[in-house]
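Work through the following exercises with the sequence and the coordinates open. Each task is followed by a solution in steps.

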Amino acid sequence: MIILGELELKVKKTKIRKDDKVIVIAGRDKGKIGKVLSVDLKKGRLFVENVNVVKRHSKPTAQAPQGGIIEKEASLDISNVMIVCNKCAEPTRIGFRTSSDNITYRVCKKCNEMIDG
Ligand SMILES: [Zn+2]
């Protein structure tokens, strides 16, 4: 339960969602920028397009009777990426702002522009 709590905190802090643009800040692919393909909130991990690509041997199928090597993204720890702002193009942290009609949206902490929409 404690571990889950820590993960929830981590996910809350990062606020990264599918289709966000992120930069890798640690690990083998440090400095790479890509689009978030999916986020696993429970594990605190995410998949980023063309980042952390690993080669895997696939089993023979009807299409490829010999089997083969496929390249596929492996998941990254959510703390190893930062969101990249669409407006100022800087890696940034995310803040929240609530509009007058009570919609909460994410803002870039560097330029204060909306990240959503
Ligand atoms: Zn910005």
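**Exercise 1.** Among contacts in the protein between residues at least 6 apart in sequence, what percentage join residues at least 24 apart?

Solution. The model is a predicted one. Take two residues as in contact if their C-beta atoms, placed from the backbone, lie within 7 Å. Keep the contacts between residues at least 6 apart in sequence; of these, 41% join residues at least 24 apart.

**Exercise 2.** List the secondary structure elements in order from the N terminus.

Solution. Then read them from the N terminus, which gives α-β-β-β-β-β-β-β-β-β-β.

**Exercise 3.** Find how strand 7 pairs with strand 1 and with strand 8.

Solution. Start with strand 1 (residues 21–24), which is antiparallel to strand 7 (residues 81–84) and joined to it by three bridges. I23 has M82 of strand 7 as its bridge partner. Next, two bridges connect strand 7 with strand 8 (residues 91–92), again antiparallel. Here V84 is opposite P91 of strand 8. Six residues lie between these two strands in their hairpin, where A89 adopts a positive phi near 60°.

**Exercise 4.** Describe the largest nonpolar core and the surroundings of V48.

Solution. Buried residues account for 20% of the 117 residues. The largest nonpolar core has 16 residues, and those touching the most other members are I16, V22, V36, L46, V48, L76 and V81. At least two core residues come from each of strand 1, strand 2 (33–40), strand 3 (45–48) and strand 7. Strand 1 contributes the most, three residues. Finally, leave out residues up to four places away in sequence: V48 then touches V22, G34, K35, V36, L37, E73, L76 and V81.

How values were computed. Residues are numbered from 1 along each chain as its sequence is written. This is a predicted model: local features need pLDDT of at least 70, side-chain atom pairs count only at pLDDT 80 or more; totals for chains, interfaces and linings use all residues. Two strands pair if DSSP finds at least two bridges between them. Helices (H or I, at least four residues) and strands (E, at least two) are DSSP runs, numbered from the N terminus. A nonpolar core is a set of buried Ala, Val, Leu, Ile, Met, Phe, Trp, Tyr and Cys residues joined through C-beta atoms within 7 Å. A residue is buried if 20 or more other C-beta atoms lie within 10 Å of its own, exposed if 12 or fewer, and partly exposed in between; C-beta atoms are placed from the backbone.
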